[in-house]
Amino acid sequence: MKKMISFILLASFLLLAACGDDSTGTKEEIIFADPGWESVRVHNSIAQIIIEEGYDYKTDVTTGSTPATFQGLREGDIDVITEVWKDNYIDTYEEAIESGEIIEASINFDDNTQGWYVPRYVIEGDKERDIEPLAPDLKTVEDLKKYKDIFEDPEDPGKGRLISAPSGWEIEPALFEKYESYNLDEMYNYFLPGSDTAIVASLADFYNKGEGWVGYYWSPTAVIAKYDLVLLEEAPFDQAQWEKDKTTEFPPSEVTLAINSDLPDTAPEVVKFLENYNTTSELTEEALLYMEENDIDSDETAKWWMKEHEEIWTEWLPDDIAEKVKESL
């Protein structure tokens with residue numbers, strides 16, 4: 001009996017010791033999410049470099065749709081999402097916070113915009129390219145009704161083409177509701193592109209030819225930094241009207257950095273860094289434009305950005321960790 005008691009006590013001790021190790025940070029690998037756009041990849045790379053070089057953790061990335069990666073964060077298969085556009089699925093986000101599945105570690109940026117854009121030359125013309133204004137009185141989404149011929153659908157002459165977000169993106173149902181609520185369905189075809197790449201390819205084609213194009217996009221992106229676009233106006237955001245028919249601006253969006261709720265126990269020092277992570281749309285678009293113009297990946301872009309903005313990211317870290325990361329660059 002004494003041997004049995006001793007064995008039980010030893011087993012209990014080992015179990016408690018193991019639990020104690022976890023609480024001081026023994027996570028082997030920190031998993032980031034890639035929901036499918038370039039800015040999140042850049043922010044992932046910045047954070048991964050800091051975590052790998054400064055804190056000696058391994059990192060990896062899981063790719064998937066926004067719903068799939070967010071569910072992975074809730075379930076613990078993913079540890080970090082560096083860009084959560086929470087207002088696009090606010091109920092699900094708040095439910096995950098309230099249930100204790102995830103933690104909002106920081107606000108990455110909150111100066112972003114989204115909606116339907118047109119090239120500036122459509123409204124103002126472009127003297128250098130010898131383009132006359134195509135829709136000089138176009139200011140609002142409602143005004144699109146007057147200009148369907150300017151945005152003619154090449155596959156259905158007589159109707160305009162309004163480019164949405166790809167099917168499966170969280171924002172797409174709201175765009176479709178706007179399309180119907182503004183009665184644009186009477187004169188425009190609602191076009192679902194296959195991907196973000198398809199949107200950009202369409203914009204580039206029409207832009208280079210100086211023709212009419214209207215489609216959904218958002219900032220921060222290399223597209224907004226590269227092309228001179230104008231966001232079509234809508235009524236100021238009003239929660240009641242938004243819930244009724246979506247005929248207002250998109251809700252003001254804080255783009256957050258969210259983590260699985262287990263991470264503070266398994267990598268507490270990393271969480272302290274992530275709680276300090278904060279940028280702006282302008283800083284993000286600067287990185288995205290550099291990446292596109294130099295045809296490099298997000299890792300090389302992150303290294304460039306970190307060298308350009310050492311005064312920013314070093315403030316997120318203790319001095320000794322910042323020095324380790326600087327030496328690695």
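Does F176 count as buried, partly exposed or exposed? I looked up its relative accessibility and got 33%, so F176 counts as partly exposed. A reminder to myself before going on: this is a predicted model.

**Entry: aromatic pairs**

I searched the whole structure for aromatic pairs and the search came back with 20. One of them joins F176 and Y190, edge-to-face, with 4.9 Å from centre to centre and 75° between the planes. F176 belongs to helix 6 (residues 172-181) and Y190 to strand 7 (residues 188-191), so this pair ties together parts that lie 14 residues apart in sequence. Y190 is buried, at 16% relative accessible area. Next I looked at Y217 and W218: their ring centres are 4.4 Å apart and their planes are at 20°, so I noted the pair as stacked. Y217 counts as buried at 4% relative accessibility, and W218 is buried too, at 5%. I then traced the aromatic cluster that includes Y217 and W218; W169, Y216, F237, W242 and F250 are also in it.

**Entry: charges over rings**

I found R129 over the face of Y121, 5.4 Å from the ring centre. K209 lies over the face of F206, at 5.5 Å from the ring centre.

**Entry: helix 3**

Which residues of helix 3 are buried? For residues 66-75 I listed T66, T69, F70, G72, L73 and R74. What do they pack against? I noted strand 1 (29-34), strand 2 (58-63), strand 3 (80-85), strand 4 (102-109) and strand 10 (255-260), along with helix 4 (90-98). I checked both ends of the helix as well. At its start, a side-chain oxygen of S65 comes to within 3.2 Å of the backbone nitrogen of A68. After helix 3 comes G76, with a positive phi near 95°.

**Entry: salt bridges**

My count of salt bridges came to 23. One of them is formed by the side chains of R74 and E95, at 2.9 Å from N to O. R74 sits in helix 3 and E95 in helix 4, so the bridge ties together parts 21 residues apart in sequence. How accessible is each partner? R74 counts as buried, at 14% relative accessibility, while E95 is partly exposed, with a relative accessible area of 45%.

With E124 the distance is 3.2 Å, N to O. Both residues lie in helix 5 (residues 120-124), 4 residues apart, about one turn of the helix.

Note on methods: Residues numbered from 1 in each chain as written. Predicted model: local features only at pLDDT ≥ 70, side-chain atom pairs only at ≥ 80, totals over all residues. Heavy atoms only, no water. Buried < 20%, exposed > 50% of the residue type's maximum accessible area, 1.4 Å probe, protein only. Helix = DSSP H or I, 4+ residues; strand = E, 2+ residues; numbered from the N terminus. Contact = heavy atoms within 4.5 Å. Polar contact = N/O pair within 3.5 Å; in protein donor to acceptor, adjacent residues only side chain to side chain. Salt bridge = Lys/Arg side-chain N within 4 Å of Asp/Glu carboxyl O. Phe/Tyr/Trp six-rings, centres within 6.5 Å; stacked < 30°, edge-to-face > 60°. Lys NZ or Arg CZ within 6 Å of the ring centre and 35° of its normal.
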